[in-house]
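Subject: Structure handover

Hello,

Here is the structure I promised to pass on. Please open it and keep it beside you while you read my notes below.

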Amino acid sequence: MSETQKSGSSVKAEGHTVKRFDGELSRLQLRVLEIGGLALSQLKDALHALKHKDLVLARKIAPRENELDLLEVETDADIVSLIARRCPVGGDLRLVMSVSKSVTDLERIGDEAIRIANIALQIYGSGSIDPSDHMLRDVNVMGSLAVDALEKVLHAFDKLDEASALEIIEAHRQLEEEFEAGLRRLLTYVMEDARNIGFAVSMVLIIKALERIGAHAQNLAEYVIYQVEGKDVRHQTSS
Amino acid sequence: MKIREKTSSEVAFNRDYGKTVGEITSLKPRIECRNVNVYYGEKLAIQNVSLDVGCNEVIALIGPSGCGKSTFIRCLNRMNDTIIGCRVTGDIIMDGKNIYDNGVDVVPLRAQVGMVFQKPNPFPKSIFENVAYGPRIHGLVASKAELEEVVETSLRRAGLWDEVKDYLHQPGTSLSGGQQQRLCIARTIAVNPEVILMDEPCSALDPIATAKIEQLIDELRVHYTIAIVTHSMQQAARVSQRTAYFHLGRLIEVGETAQIFTNPRHQLTEDYITGRFG
């Protein structure tokens, strides 16, 4: 068994002498998955609303953000309380820090989903013609990549799977490349016809939001590695 | 991005009880212990422990009851000599000499390596005499004025002077528990030691008295090397620069305190500090 497996599995396999502590840590881990699930469904719904011109669904997204915000605040309060009462160290401390940072990133993913939904409402509510399929091409491709990254990172968090987390970090490069390529493509539409400017700006805002979601998923993957390995791999140049 | 792969030997370390994980040596060692074994009669209480205690560092020794941490620090000034049937093998080197060599006089050794115990144990004498006793019997002072200076300096360094300067001739036992412990630290300091051993010095004290001792340990580090045995993980994390984890008489892991408490490398250390021992 590797050192990694040692640290990761110890959280679940070996219980604390104080059993209640186990329950508190498990609840924190579950909270990340709960908030992550909400953020993921917000993102999927926003992308669905955009792709299928579903304005009813798009309008539902912003009000649902309250639930996510509330969970974030509750989780922060639980973390403060746990630190004050249990003074976690070692793998427990890394788990608490990892959860604390993860919920912030997940809440921001929720914010980006709202941004996408609001842009969808703007585009389809303006009364003008709908954006063409080729204009939506980058949004669809990047949307799939962002959803995939978020699904995978939540799975990696659940299983404390550092190998998957590393793959997610590597895969983020693809999303960045798609973002840069998308910007170039959208610019060509503007150059072809100035009437595309409005749509192009909206698409840029959406693909930027999707790129940000990918970056948040990358952060989450880094927290998984920190939790399992105790290594801080943030801000390291990809090799 | 790549995370360094573990070597096969590192993987083995994590389950290997026989080999200490972490850096046992210090860049500026004050005491060097190598392959130390301690026997109480037939029983092996400390098994093959090698560890440096570095100059002007606070090293915390942690571990469950009976793991040998107190036995180990008591070796550092030969306090175990007083226990019948206790036998120490291996090397404990100070100033290039094994302190267990024949001919080493334990009286100056114990002045050089002082000790503070779990329960404050002031002599049944005045506060002044408690501190003055050591320098007087060791012949460290030539005059009354010099003795008074040593007493004042020691009490100041122990953070007690301002509280007792007007009551120096009151009995030491009249002080509170925390003050008595600081008096014992002053008594230790008065004989000009280089190393101070502390065996659970705060276990009988309330949180405020504990905080004062911890602040004092931080100040004393400038002048002295300190090895402290504690059952409080938070205390070890607060006061020490290095931490050593003992288990069943073996030194399992040693490392920078921050590393031990955030990312221990041995499963037993992780289990102990996180409270997972059944």
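In chain B, the buried residues of helix α4 pack against α5 (144–157), α6 (161–164) and α7. Helix α4 of chain B covers residues 127–137, and its buried residues are Ile127(B), Asn130(B), Val131(B), Ala132(B), Gly134(B) and Pro135(B). Just after α4(B), Gly139(B) has a positive phi of about 65 degrees.

A few terms first. Buried means that 20 or more other C-beta atoms lie within 10 Å of the residue's own; exposed means 12 or fewer, partly exposed is in between, and C-beta atoms are placed from the backbone. Helices (H or I, at least four residues) and strands (E, at least two) are DSSP runs, numbered from the N terminus. A contact needs two C-beta atoms, placed from the backbone, within 7 Å.

This is a predicted model: local features need pLDDT of at least 70, side-chain atom pairs count only at pLDDT 80 or more, and totals for chains, interfaces and linings use all residues. Residues are numbered from 1 along each chain as its sequence is written, while chains are lettered from A and ligands numbered from 1 in the order in which they are written.

**The sheets of chain B**

Take the open sheet of 6 strands. Its order is β6-β7-β8-β3-β9-β10 (chain B), and the pairing is mixed. Strands pair if DSSP finds at least two bridges between them. From one strand to the next, the twist averages 20 degrees. Angles run from 0 to 180 degrees between N-to-C directions, and axes are lines fitted to C-alpha atoms, for helices over the stretch in contact.

β6(B) pairs with strand β7 (residues 195–199) of chain B in the parallel sense, over 4 bridges. Which residue in β7(B) is the bridge partner of Val113(B)? The partner is Val195(B). Helix α7 (residues 177–189) of chain B packs on this sheet and touches β6 and β7 of chain B. The direction of that helix makes about 170 degrees with that of β6(B).

Now the open sheet of 4 strands. The order is β2-β1-β4-β5 (chain B), with antiparallel pairing. β2 (43–54) and β5 (97–98) of chain B are the edge strands; each has a single partner strand, so one side of each lacks a neighbour in the sheet. Strand β4 (residues 86–94) of chain B pairs with β5(B) in the antiparallel sense over 2 bridges. Met94(B) stands opposite Lys97(B) in β5(B).

Asp95(B) sits in the loop between β4 and β5 of chain B. Is Asp95(B) buried or exposed? Asp95(B) is exposed, because 9 other C-beta atoms lie within 10 Å. Asp95(B) and Pro120(B) are 25 residues apart in sequence, and their C-alpha atoms are 30 Å apart in space.

**Chain A**

Chain A has 7 helices and 0 strands. Its pattern along the sequence is α-α-α-α-α-α-α. The C-alpha atoms of chain A fill a box of roughly 70 × 40 × 20 Å along the principal axes. Of the 239 residues in chain A, 43% are buried. Among contacts in chain A with a separation of 6 or more, 81% join residues 24 or more positions apart.

Look at helix α7 (residues 197–229) of chain A. It has 33 residues and reaches 47 Å from first C-alpha to last, close to the expected 48 Å. The expected span is 1.5 Å times one less than the number of residues. α7(A) is mostly covered, with 25 of its 33 residues buried. Just after α7(A), Gly230(A) has a positive phi of about 75 degrees.

Helix α6 (residues 162–192) of chain A packs with α7(A) at an angle of about 170 degrees, their axes 9 Å apart. The two helices α6(A) and α7(A) are therefore roughly antiparallel. Angles over 145 degrees count as roughly antiparallel, under 35 as roughly parallel, 65 to 115 as roughly perpendicular and the rest as oblique.

**Two positive phi values**

Most residues other than glycine have a negative phi. Leu160(A) has a positive phi, near 50 degrees. Leu160(A) lies in the loop between α5 (133–159) and α6 of chain A, and counts as buried because it has 23 C-beta neighbours inside 10 Å. Asn35(B) also has a positive phi near 50 degrees. Asn35(B) is in strand β1 (residues 29–40) of chain B, and counts as exposed because it has 11 C-beta neighbours inside 10 Å.

Best wishes
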